[in-house]
Amino acid sequence: MINNTKKNKSLKPFTTFGFEARARYFAAPETLDEIENLLADAQKSDIPLFILGGGSNVVFACDFDGLVICPRIGGIKVVDEDGEHVLLKAGAGVVWDDFVRYAVEHNLGGVENLSAIPGNVGASPVQNIGAYGMEAKDSLVAVNGVFIENGKQFTLENAECRFAYRDSIFKNELKRKTVVTHVVFKLSKNPEYKLDYGNLKDELSKYDEINLRRIRQSVIAIRASKLPDPKDLGNAGSFFKNPIVDRTEANRLLELYPSMPVYPADSSGKVKLSAGWMIEKCSLKGYRENNIGVHRQQALVLVNYGEGTASELIAFAQMMQTIVFEKFGVIIEPEVNIIN
Ligand SMILES: Cc1cc2nc3c(=O)[nH]c(=O)nc-3n(C[C@H](O)[C@H](O)[C@H](O)COP(=O)(O)OP(=O)(O)OC[C@H]3O[C@@H](n4cnc5c(N)ncnc54)[C@H](O)[C@@H]3O)c2cc1C
């Protein structure tokens, strides 16, 4: 028995795919104390724990026979400031896009290209959210949280978070071992805009003057025209990550498919391939089986047409992985967290 929790709670309204799954216990703590008490109780009862944010990157494959904690710590605070920068500390439960809006309205740059990404601040470092050439790691200073095992508080500086493309220590060594309670970002009073990615530049070309608000509006407009809104059609954004391969593998593929898009992945010389392009080349874009399908406009986005189940989705995703592997010899890995 865990105090201050709801029992047998449906998680359907808390995840953007909208599949039915139940949590044995569910709590939405608003303070660090409440989180610490819940962790202590769960430890005593020896039951599994899962930390849920906005549920926009999670699929529960089955009912969760443990405690789901949904941190709702709010607040955005200025913790330091100089002539060039402002340090903002945001609670894990702040909706990510409310944080971006706050930054833009205060003329602080560094997260504007990340407008309209669903989810909460607490999850932003987990997969190092990114869009339009910008990532959370570019402006993140530190992550505060609590270790699940012993309830001890921690602070991890940016370098300690081991950020990479859609990756961090929270998906590896610290996977399911922490509750992020706050995240600190360093934002710029005189930002350099990042406009070279995707069609952001084209969208902004209709304005004489570019500023943070216009960038935010443009990102929101582009995203709304391309991505299905989970309120209308269950989804979790890009279901698969773009595979990162070494140069030799990329050259092999380029000989076979000269028009294949390849991008430099990082300073290690590795190369990022487009999972969406490969899925499209396998004629899977728009493909549907019963209630699950690949979105008609976005080959990376899998959707729940209404009455689908998580098992149908997982089987569908595995079928896609097999088809892509048979054609290209490349494994496409899910970006979405599948919880068993
Ligand atoms: C329409 C759509 C578009 C999207 N576009 C993008 C995009 O452009 N770029 C991008 O990077 N992502 C994108 N995503 C994915 C998603 O928005 C991000 O992964 C987001 O950060 C998930 O936040 P969340 O709060 O919903 O986390 P959840 O889905 O609830 O959780 C994700 C992971 O983080 C962990 N977690 C969550 N909160 C905490 C916490 N407080 N402490 C510890 N662990 C925690 C969970 O345990 C889980 O492992 C998109 C999703 C959708 C539905």
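In this predicted model, five strands, that is, 5 strands in the order β6-β7-β12-β10-β11, form an open sheet with antiparallel pairing, where strands are DSSP runs of E with at least two residues, helices are DSSP runs of H or I with at least four residues, and both are numbered from the N terminus. Two strands are taken to pair if DSSP finds at least two bridges between them. In general, the strands of a sheet pair through backbone hydrogen bonds, either parallel or antiparallel. At the edges stand β6 (76–81) and β11 (153–157), each with a single partner strand, so one side of each is left without a neighbour in the sheet. Neighbouring strands of this sheet are turned by 20° against each other on average, direction ignored, the axes being lines fitted to C-alpha atoms (for helices over the stretch in contact) and angles running from 0 to 180 degrees between N-to-C directions. Within the sheet, β6 pairs with strand β7 (residues 85–91) in the antiparallel sense over 5 bridges, and Ile 76 has Ala 90 of β7 as its bridge partner.

The model is a predicted one, in which local features need pLDDT of at least 70 and side-chain atom pairs count only at pLDDT 80 or more, while totals for chains, interfaces and linings use all residues. Residues are numbered from 1 along each chain as its sequence is written.

A second open sheet consists of 3 strands in the order β14-β16-β15, with antiparallel pairing. Its edges are formed by β14 (244–245) and β15 (262–264), each of which has a single partner strand, so one side of each is left without a neighbour in the sheet. Strand β16 (residues 271–273) pairs with β15 over 3 bridges in the antiparallel sense, and Lys 272 in β16 is the bridge partner of Tyr 263. Elsewhere, strand β13 (residues 234–238) is joined by 3 bridges to strand β19 (residues 301–304), and the two run antiparallel; here Asn 235 has Val 303 of β19 as its bridge partner. Strand β13 is mostly covered, since 5 of its 5 residues are buried, a residue being buried if 20 or more other C-beta atoms, placed from the backbone, lie within 10 Å of its own, exposed if 12 or fewer do, and partly exposed in between.

Helix α1 (residues 32–45) has 14 residues, which at 1.5 Å a residue should span 20 Å, and its end C-alpha atoms are 20 Å apart, which agrees; the expected span is 1.5 Å times one less than the number of residues. The buried residues of α1 are Ile 35, Leu 38, Leu 39 and Ala 42. They cover an arc of only 100° around the axis, which puts them on the same side of α1, the arc being that of the directions from the helix axis to the C-beta atoms. The face turned away from this buried side carries the exposed residues Asp 33 and Lys 44. Among the elements that cover the buried residues of α1 are β2 (22–27), β5 (64–69) and β12 (178–188). After α1 comes Asp 46, whose phi is positive, near 55°.

Arg 24 lies in strand β2 and is partly exposed, with 17 other C-beta atoms within 10 Å. Leaving aside neighbours within four places in sequence, Arg 24 is in contact with residues including Lys 7, Phe 64 and Asp 65, contact meaning that the C-beta atoms of two residues, placed from the backbone, lie within 7 Å.
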